[in-house]
Amino acid sequence: MAKTEIVVVGAGYSGIAATKMLSKKLKKNPDAHITLIDRHSYQTMMTELHEVAGGRVEPDAIQYDLQRLFCKRKNVSVVTDTVTTIDKEKKIVKTKQGSYSFDYLVLGMGGEPNDFGTPGVKEHGFTLWSMDDAIKIREHIERTVALAAVEPDEAKRKAMLNFVVCGSGFTGIEMVGELIDWKDRLAKNNKIKPEDINLMVVEAAPTILNMLDRNDAGKAEKYLTKKGVSILKDMPIIEVHEDHIILKSGEKIPTHTLIWTAGVKANSDAEKFDMPAARANRLVANEYMQAKGYEEKNIFVVGDLVYFEEADKENRPTPQIVQAAEQTGICAAKNILATINGTEKEAYKGKYDGFMVSIGSKYAVACVFDKYHLSGFFAMLMKHIINLRYFFDIRSGYYMFQYIMHEFFRIKDERNVFRGHTSRNSNVLWSVPLRVFYGCVWLVEAMKKVIGNGKVLQPSTWFGDGSWFTNTVAFPFEWLQPADATSGASQAADAATTATADPTFGLSYAFGEEPMLVFKSMPDWFGSIMKFMMPNTEVALFMQKFMTLFEVALALAIIFGLFTWLANATTIVLVVMFCLSGMFYWVNIWFLFVAFALMNGSGRAFGLDKWVIPWIQRKLGNWWYGDVKARYGEKS
């Protein structure tokens, strides 16, 4: 039986959403195969391009390799190529490198900037719609500021340091927000004053952020003004030159940097497909996302490329936002599955849970679920939560972890929602002595159980009378003590008495005061868990010996800096358990806080983690994802 071939063109939000759903639902169908074609070997997180353009993160922070997204999807082939034409009658997608037959085709090539024919934009302006665009803007700004810093002509210098963003939609406002954060670093690196750098937003409409509630947009405008951004409203740009722009009013604004974010249109490659189009060259589709006139050919259009008006939204097509892109992609996937399975198709119904815009790394405004209005810290935190949810939706734990590291722990210049407090860009060398000391404390305590000294040294353990070789269990668990055998309990009691009386006993005393237990007795709920885990003396004896060896291994791992995050996290769990067992003193509660401090990569300095962790990451990455490539789908 011939395979059912599904071809998805475009690995943006809509294409990824459609491919993920089709792959999941068809994984038990050996006769179905999906080919995902994109001109790049990676997906770009388009909503975060401003972070690269504004110098906050490096390009790899928002690039997600397609093989890593689909490595375990055996029914998906990833192809790096550019689509040139579509033979709709023969149902063949032709690319620069080959051709692909299809039974179902999903077109999700996205959009591109719309300059509305404004003279000079292509020649002298910068757009922000791809990774290449973002890198060009970043490099241009760094170069321009550096040249301006040594420019003797005051007028030219001022023009070079005047950065203009055209358009006050999400992209434009987020771009100028990054420039607000970046301004101080640019000034410091080039020995100029931050106030010498001027930021400006030029908007053709009388208001800004028109997709937001007016109150939310007002908060954003107030914040921008507070940060020194000039906002020109109702001022269309009619010409762009190398060193200035001209407004409709006739005013000339000197600048060497115009970032154009004023509009979006369909990807110009779609013009070659000769299919019905509407405003901004978007391809018209019906309520099932089927291309108009090609319903019988099973051609679907999704994302920014599609033009579809819902019944109650005349002259208002699906918005060119991430939520709509994903929902149109999923709608197309559902209807392909319905056709394959012979079930009823499902019409598109857009459901947008709100909108948000970040203004730099520390401030945002948001409307969540159309009723909760947030601003500042909580709105910014909500944006990160939504981005993390995206990785959950596409089932990519790897890139979720990378996002967290890039946004919270590897950030520079305090450019994150926590004002840099979570940044790991500090030297962990100074934690090495503490790491070795903490490991030695655990090692000494463990070895005293092995060697034994005739008394229970530290009530921060459950195991025995100080000797690993003793078959007496001194657990404070009544169900383990036989009615006619009280030696274990009495030994424990004697040891505790000795500990209190002997001022040389470990850290039992603090300035001459008697130590106080964290818990005087074990909580009932914890006792029930322990009773389930250790139902008899034999199990308890095994645990006594096992845990002693485990503590030795744990101590050595901390001392030598091996798996220090995991090792210290384990000590936290053990200390909590010791506390709940009624055998840990407040005077030693510092164990917890030291462990938390050492979890911040302490094994990367004078520790084995410097070599072991990167080696494991490489090996596991290659095993799980395979070797990443610049191009996929080439014939071997």
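What follows is a chat about a predicted model of a protein.

Colleague: What does the secondary structure come to?

Modeller: The protein has 18 helices and 25 strands. This is a predicted model, so to speak of it is to speak of computed values.

Colleague: How many residues are there, and what share counts as buried?

Modeller: There are 636 residues in the protein, and 51% of them count as buried.

Colleague: What about contacts along the sequence?

Modeller: Take the contacts between residues at least 6 apart in sequence: 67% of these join residues at least 24 apart.

Colleague: Let's do sheets. What is the order of the strands in the open sheet?

Modeller: The order is S5-S2-S1-S9-S21, five strands with parallel pairing. At the edges stand strand S5 (76–80) and strand S21 (299–301). Each has a single partner strand, so one side of each has no neighbour in the sheet. From one strand to the next, the twist averages 15°.

Colleague: How many bridges pair S1 with S9?

Modeller: Four bridges, in the parallel sense, between strand S1 (residues 4–9) and strand S9 (residues 104–107). Val8 is opposite Val106 in S9.

Colleague: Which strands does helix H1 lie across?

Modeller: Helix H1, residues 13–25, lies across S1, strand S2 (32–38) and S5. It runs at about 165° to S2. Helix H9 (residues 322–341) also packs on the sheet, where it touches S1, S9 and S21. The direction of H9 makes about 175° with that of S9.

Colleague: Changing topic. Which residues touch the most other members of the largest nonpolar core?

Modeller: Ile16, Leu105, Leu107, Leu224 and Phe391 do, in a core of 112 residues. Helix H7 (residues 170–190) gives the most to this core, namely eight residues.

Colleague: Why would nonpolar side chains be buried together?

Modeller: In soluble globular proteins they tend to be.

Colleague: Pick Leu224. What does it touch?

Modeller: Leaving out residues up to four places away in sequence, Leu224 touches Ile173, Val176, Ile180, Ile208, Val229, Ile231 and Ile359. There is also a second, separate core of 32 residues, and Val518, Met543, Ala569 and Val575 are among its members.

Colleague: Now Gln43. Buried or exposed?

Modeller: Gln43 is buried, because its relative accessible area is 0%. Gln43 belongs to strand S3, residues 42–44.

Colleague: Which side chain does the side chain of Gln43 make a polar contact with?

Modeller: That of Tyr390, at 2.7 Å. Neighbours within four places in sequence aside, the residues in contact with Gln43 include Ala11, Gly12, Tyr13, Ile16, Ile62 and Tyr64.

Colleague: Last topic, backbone angles. What is the phi of Arg419?

Modeller: Arg419 has a positive phi of about 55°, although it is not a glycine. Arg419 is in the loop between helix H11 (397–409) and helix H12 (432–451). With a relative accessible area of 38%, Arg419 is partly exposed.

Colleague: And where is Phe606 found?

Modeller: Phe606 is in the loop between helix H17 (590–598) and helix H18 (609–625). Its phi is positive too, about 50°, and Phe606 is not a glycine.

Colleague: Why does Phe606 count as exposed?

Modeller: Because its relative accessibility is 67%, and exposed means over 50%.

Definitions and conventions. Residues are numbered from 1 along each chain as its sequence is written. This is a predicted model: local features need pLDDT of at least 70, side-chain atom pairs count only at pLDDT 80 or more; totals for chains, interfaces and linings use all residues. Side-chain values use heavy atoms; hydrogens and water are left out. Helices (H or I, at least four residues) and strands (E, at least two) are DSSP runs, numbered from the N terminus. Buried means under 20% relative accessible area, exposed over 50%, partly exposed in between (1.4 Å probe, protein chains only). A polar contact is a pair of N or O atoms within 3.5 Å; within protein, one must be able to donate a hydrogen and the other to accept it, and residues adjacent in sequence count only if both atoms are side-chain atoms. Contact means heavy atoms within 4.5 Å. Two strands pair if DSSP finds at least two bridges between them. Axes are lines fitted to C-alpha atoms, for helices over the stretch in contact, and angles run from 0 to 180 degrees between N-to-C directions. A nonpolar core is a set of buried Ala, Val, Leu, Ile, Met, Phe, Trp, Tyr and Cys residues joined through side-chain atoms within 4.5 Å.
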